[in-house]
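The sequence and structure are shown first.

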Amino acid sequence: MGKAVRGRLTVSFHSGMGIYRFYNDLMRVGPASIRQTLLGNGLKVLVQAEHTAPLASVWCWYRVGSKDERPGLTGVSHWVEHMNFKGTTNIPRDQVKGIIEQFGGSWNGYTWIDQTTYLETASKDALDRMLFIESERMANCLYHPEDCESERSVIISELQGGENDPDQLLDQEVTATAFKAHPYGHPTIGWLSDLQSMTRDDLYDYYRRYYVPNNATLVVVGDVDPEETLRRVEHFFGGIRPGAAVTRRCSSEPEQTGERRLTIRKEGTTAYLKVAYHAPGVSEPGFFPLLIVDAVATGAKGLNLWSSFRVPPPQRSARLYRALVERGLASAVSGALIATEHPFLYTVSATVTAGTSLAAAEALLLEELDRVRQSGITDSELEKAKTQLRARLVFDTDSVTNIAHQLGYFETIGGIDLYTAALSKIAAVTVDDVAQVARQVLTPSNRTIGWFEPLPIV
Amino acid sequence: MPLEPSRTVLDNGAVLLAKEARTTPSVAINLAMRAGSAGDPPGGDGTTWLLSRVIDRGTSKRSASAIAEDLDGRGITLSVTVTRHVLSLVCTCLAEDFDPVLHLMAEMIVSPSLPPDEIATRKREVITAIRQDLDNPAVLATETLMARLYPGGHPYGRRTKGSIDTVERVTREDLVSLHETWFAPGALTAVVVGDVDPVRANDAAATAFGSWRKPTPAPIAVPHARPAARRERVIIPMMNKVQADIAYGFTAIARSNPAYHAFSLMNNAFGQYALGGRLGDSIRERHGMAYYVSSSLDANVAEGPLTIRAGVSPANVDRAIASMDEEIGRLVADGLTPRELDESRRFLIGSMPRALETNAGIAAFLQNVEFFQLGLDYDVQLPELLRSVTMDEVNAAARAVLNANRATIVVAGPCAAP
């Protein structure tokens, strides 16, 4: 698409619904540019040609995340992800290393509450290699017992590394406190006791149940010919047999009926504060208005879990930044509303400055959020938030890797239409929509408040 | 496609590199001032860092509040970073915002107002950040390693953020003096990459910086770093933590060292390739001892470090260090295999299109090119420079730096002091 958008740059940012098409062009995604196919075995395939660099990015997404885990097996999705880098029937263990790097490429993967995903971005010449790797990962991973044991230590090390960070520890505790029924409450990395007791068979059974083409989406974006790419995808994946349809049983979180609180008192140097509200899932009408609330409160983050949070938001004029950071009560404030399949959380966090009490920081933070709940936001705040979100959505798609991420991420949690329509949904939000969602979400009985109170280090 | 950036030197000495790239309707602006933490005044560690927190909080023409509204209204995040030798202002904006944003950033560089109330607020933020660092084993291990490798007040051994004491002592006059000493057009490189014509970029930069007149400061003198004479192991007990972080390192080379590319290949094979090179194979993959382990080479104006870092269970600290020692011994004694060298070479060459895919990536690459005077065609030359490195040169690089008997090792975490 690239150069084609330049002629439209005179369109105003503030012209409302008419900009939908224009901004989708800026985002480098749109329904017309994505080739969608469903293979006979149920594998959904999304291909988008993007001829801006001689690269291709391949992502394979599985609709399995920590919300699919039952008690006793928390962390299994993430551990399975680790095991799926350990060689396959046709990629011996000693040939895994360098299999993409020799094409100058990078690879990675992540697991979160709704999804597990794997990616390679490399020279377009490596497209066959990338598709081969992902087809092998889907069908032929090995799960040698000694590899499972070795990885147990690696994952426990990852867990402990996270616990070294008081902010992360508090986040884990606040999330667990906010949910008492829905499995979004347990950490994706799992509870330590489960990681210590899980067996190789637990891992392998889980792998076989969820790593089937009819539970996956393959995304290819880059300097590729879509028709030829689809032929290659069929070649590598077409012979993989579908699995039994995945059935999901997941408790709904009952409405929270009273404020919850927790305090971690532990040796440390810095106090942290978190306030988490149950929030709408991405398909619900309140999601985009709440995204505006977050932009007004803490600055817009965009919608790319892979890249948005790596760049700080534009937030110096945001309400909570002015209330807490500019007045010296906090050194940092942030908000997180992430697109999820089921209702998750809108979390506001603050790093409290030395000499400021957690109570004082909390009072000011809640006062500001209460002001939004009672009085909503202004027209000018709404327009500024929309401008920020539009810019962030442009910046979110600055590489083939990021474009491919966005397509797969949204397909996995509800469909790519959710993403391609994001700008029009943002453009359509009114101050009344914002006021309504603020009244619904930002109530005392819907929140969980967490403190990390540092004790003197002995 | 070669980058072929345009390079212009304004008559006041400021350098502009511009590269048109129309992948997205956005522009990356990267302004680098040769005024890093190495220029902190004696006893004033962290002064440059504090300046970086305040420099964008008011100019001779605009208040902090007006700047906040301007940036937020355009959806822009401005990042100000400090390294040993450079203070950078970096942002990505939509193409239509390029001119006003460049002018705003230029004002910050040329005439920051450094308001006292902003200094007080940012000082509190920095002190909180230092307190967070003091509770972070990874940061403490790395900073302590640097202090041990570069003792005696060497600028690479000092904390970039400073200490709570030094930051509390910094005055507005100190910041003004620092700006007066190091900020000058002859020390500035402006890089503009994106959906903007290079001629327009040149004109905008000339308008923004052309009237700035000031003599160019002499480069900061950085002493040569001596290799450690003996092995040293330091334990920083942090009994409130669950995991230990290891920082294991040596002084290495300056970027100007003719053997730089041999060192780069050696470091890649040793501690980067795939999931941490040989170190990753051993410590993470074979022994399952760490979630992360890797090495990094920070060749700088003076001899920068080669550092190995890992996060491990406290029970595995000794085994992990023994594995590092063993891998060093094996590399020094036997060298790389031809396959390893070939793999790292192919990776470093082949990864360039990814590194240069985004406007921000190209801008960072060009800043490096200008700072180290690598040549405007460095993107074209680099593959051949890597291809021409021989096995002997790579193995010589390993022998020159890696020696377990002279390693400096810092462990921070739940480990008792010796």
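In this predicted model, Asp135(B) and Lys241(B) form a salt bridge, with 3.2 Å between the closest N and O atoms. Asp135(B) lies in the loop between helix 4 (116-134) and helix 5 (137-149) of chain B, and Lys241(B) in the loop between strand 7 (232-237) and strand 8 (244-251) of chain B, so the pair ties together parts that are 106 residues apart in sequence. Asp135(B) counts as buried because its relative accessibility is 4%, and Lys241(B) counts as buried at 6%.

Salt bridges that share partners also join residues of both chains into one network, made up of Arg316(A), Glu326(A), Asp56(B), Arg57(B), Glu118(B), Arg122(B) and Glu125(B). Over all chains, the structure holds 59 salt bridges.

**Salt bridges within chain A**

The side chains of Glu341(A) and Lys67(A) meet in a salt bridge, at 2.9 Å from N to O. Glu341(A) is placed in the loop between strand 9 (330-337) and strand 10 (345-352) of chain A, and Lys67(A) in the loop between strand 3 (55-62) and helix 2 (76-83) of chain A, so this pair ties together parts that are 274 residues apart in sequence. With a relative accessible area of 33%, Glu341(A) is partly exposed, whereas Lys67(A), at 6% relative accessibility, counts as buried.

A further salt bridge pairs Lys86(A) with Glu151(A), the closest N and O atoms being 2.6 Å apart. Here Lys86(A) lies in the loop between helix 2 and helix 3 (93-96) of chain A and Glu151(A) in helix 5 (residues 145-163) of chain A, so the pair ties together parts that are 65 residues apart in sequence. Both Lys86(A) and Glu151(A) are buried.

| Residue | Partner | Closest N and O atoms |
|---|---|---|
| Asp135(B) | Lys241(B) | 3.2 Å |
| Lys86(A) | Glu151(A) | 2.6 Å |
| Glu69(B) | Lys384(A) | 3.0 Å |

**Contact between the chains**

In the interface, 66 residues of chain B are in contact with 75 residues of chain A. The area buried between chain B and chain A is about 5,800 Å², and carbon and sulfur atoms give 51% of it. Across this interface there are 9 salt bridges. Glu69(B) forms a salt bridge with Lys384(A), the closest N and O atoms being 3.0 Å apart. The interface of chain B and chain A also has 34 residue pairs in polar contact, both residues at pLDDT 80 or more.

Several elements of chain B each supply at least two residues of the side that touches chain A, among them helix 2 (64-73), strand 5 (87-94), helix 4, helix 10 (273-286) and helix 12 (338-350). The residues of that side of chain B divide into 20 nonpolar, 21 polar and 25 charged.

**A strand residue of chain B**

Ser79(B) lies in strand 4 (residues 79-82) of chain B and is partly exposed, with a relative accessible area of 25%. Leaving aside neighbours within four places in sequence, Ser79(B) is in contact with Ser88(B), Leu89(B) and Val90(B). From C-alpha to C-alpha, Ser79(B) and Asn30(B) are 9.6 Å apart in space, and they are 49 residues apart in sequence.

**Confidence in chain A**

Chain A has a mean pLDDT of 91, and 93% of its residues reach 70 or more. Over residues 1-26 of chain A, however, the pLDDT is below 50; this stretch has 50 contacts in the model beyond near neighbours in sequence.

How values were computed
Residues numbered from 1 in each chain as written. Chains lettered and ligands numbered in written order. Heavy atoms only, no water. Salt bridge = Lys/Arg side-chain N within 4 Å of Asp/Glu carboxyl O. Helix = DSSP H or I, 4+ residues; strand = E, 2+ residues; numbered from the N terminus. Buried < 20%, exposed > 50% of the residue type's maximum accessible area, 1.4 Å probe, protein only. pLDDT = per-residue confidence, 0-100. Contact = heavy atoms within 4.5 Å. Buried area = accessible area lost by both parts, 1.4 Å probe. Polar contact = N/O pair within 3.5 Å; in protein donor to acceptor, adjacent residues only side chain to side chain. Nonpolar A, V, L, I, M, F, W, Y, C, P; charged D, E, K, R; others polar.
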